[in-house]
Amino acid sequence: MAQYNSRLSAEQVTLNYGKRVIIDELSLYIPDGKITVIIGPNACGKSTLLRSMARLLKPKFGRVMLDGEEIADIPTKIVAKRLGMLPQTPIAPQGVLVSDLVSRGRAPHQSIFQQWSKADEAAVSEALVATEISDLADRRIEELSGGQRQRVWIAMALAQQTELLLLDEPTTYLDLPHQIEVLNLVRKLNREQARTIVLVLHDLNLACRYADHIVAMREGKIIEQGTPDEVITAQSMLKVFELNCIVIADPLSNTPLVVPAVDG
């Protein structure tokens, strides 16, 4: 049972691809208004879990709950107004402008009877400002750096104006400065707009710096969850990653810092 308010949760969820079970009877409650980071070895089920919580993958058993309702029973457009999802390595059509791509985030708010409005225009403008890419609005996506592209994708998700935002490995393929750039933006959105954000990340030390809540997975199960100080210990890193390490305080942020042991 969750010890905090949670609009989004997985309850005894089993997920599979074909006959292969990826996650078996897992329960997870996402803390409202916090940054939750999911960590774990490759192929442990992190992205699969995130996809199910965004209703992109239907559980074989169990259920995902959004605002007290089973997410599978909520109309697609209603879900899209409450929850935004940025998948791994999204691909934009060749030649599309930044402003046009961000505008696609307003699709859930469109209908036959309600076309583009001043509210849509304002939402796109606010998303561009929040991600600090207003000056890129007339540029083509392929002209941008990796960090700029990620900001555009996040802006598109923001234009949906959802209070819940799920980001699957948003720093993949980015160099360290661009990773920091994207994660600073995520923290700004959380702190200034009170958005609930869930991230899948591989870098443990960045996860510690930016997370309020960490979920550590292995082989489709949650091994540890809690604050960075509670989850990131030498014992848990051995259990989750089979990694021999020491954990010290980061001299800049005072968050846990994982220092791997070196053989030889």
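The structure is a predicted model, in which local features need pLDDT of at least 70 and side-chain atom pairs count only at pLDDT 80 or more, whereas totals for chains, interfaces and linings use all residues. Residues are numbered from 1 along each chain as its sequence is written, and side-chain values use heavy atoms, with hydrogens and water left out.

The secondary structure consists of nine helices and 12 strands, these being DSSP runs numbered from the N terminus (helices H or I, at least four residues; strands E, at least two). The radius of gyration is 19 Å, close to the 18 Å that the globule rule gives for 264 residues, so the protein is as compact as a globular protein of that length; the radius is taken over C-alpha atoms, and the rule is 2.2 Å times the number of residues to the power 0.38. Along its principal axes, the C-alpha trace spans about 60 × 40 × 35 Å. Of the 264 residues, 48% are buried, where buried means under 20% relative accessible area, exposed over 50%, and partly exposed in between (1.4 Å probe, protein chains only). Among contacts (heavy atoms within 4.5 Å) between residues at least 6 apart in sequence, 64% join residues at least 24 apart.

Asp-250 lies in the loop between strand S11 (245-249) and strand S12 (256-260) and is buried, with a relative accessible area of 7%. Residues up to four places away in sequence aside, Asp-250 touches Arg-209, Thr-255 and Leu-257. With the side chain of Arg-209, the Asp-250 side chain makes a polar contact at 3.1 Å; such a contact is a pair of N or O atoms within 3.5 Å, where within protein one must be able to donate a hydrogen and the other to accept it, and residues adjacent in sequence count only if both atoms are side-chain atoms. A polar atom of the Asp-250 side chain also lies 3.3 Å from the backbone nitrogen of Ser-253. Asn-205, 45 residues from Asp-250 in sequence, is 8.6 Å away from C-alpha to C-alpha.

By contrast, the C-alpha atoms of Asp-250 and Gln-161, 89 residues apart along the chain, are separated by 34 Å. Gln-161 is placed in the loop between helix H5 (146-159) and S7 and is partly exposed at 39% relative accessibility. Its contacts, not counting residues up to four places away in sequence, are with Lys-81, Arg-106, Ala-123, Glu-126 and Arg-195, and its side chain makes a polar contact of 3.3 Å with that of Arg-106.

Backbone geometry was considered next. Most residues other than glycine have a negative phi. Positive values are found at Ala-43, with phi near 65 degrees, and at Glu-169, with phi near 50 degrees.
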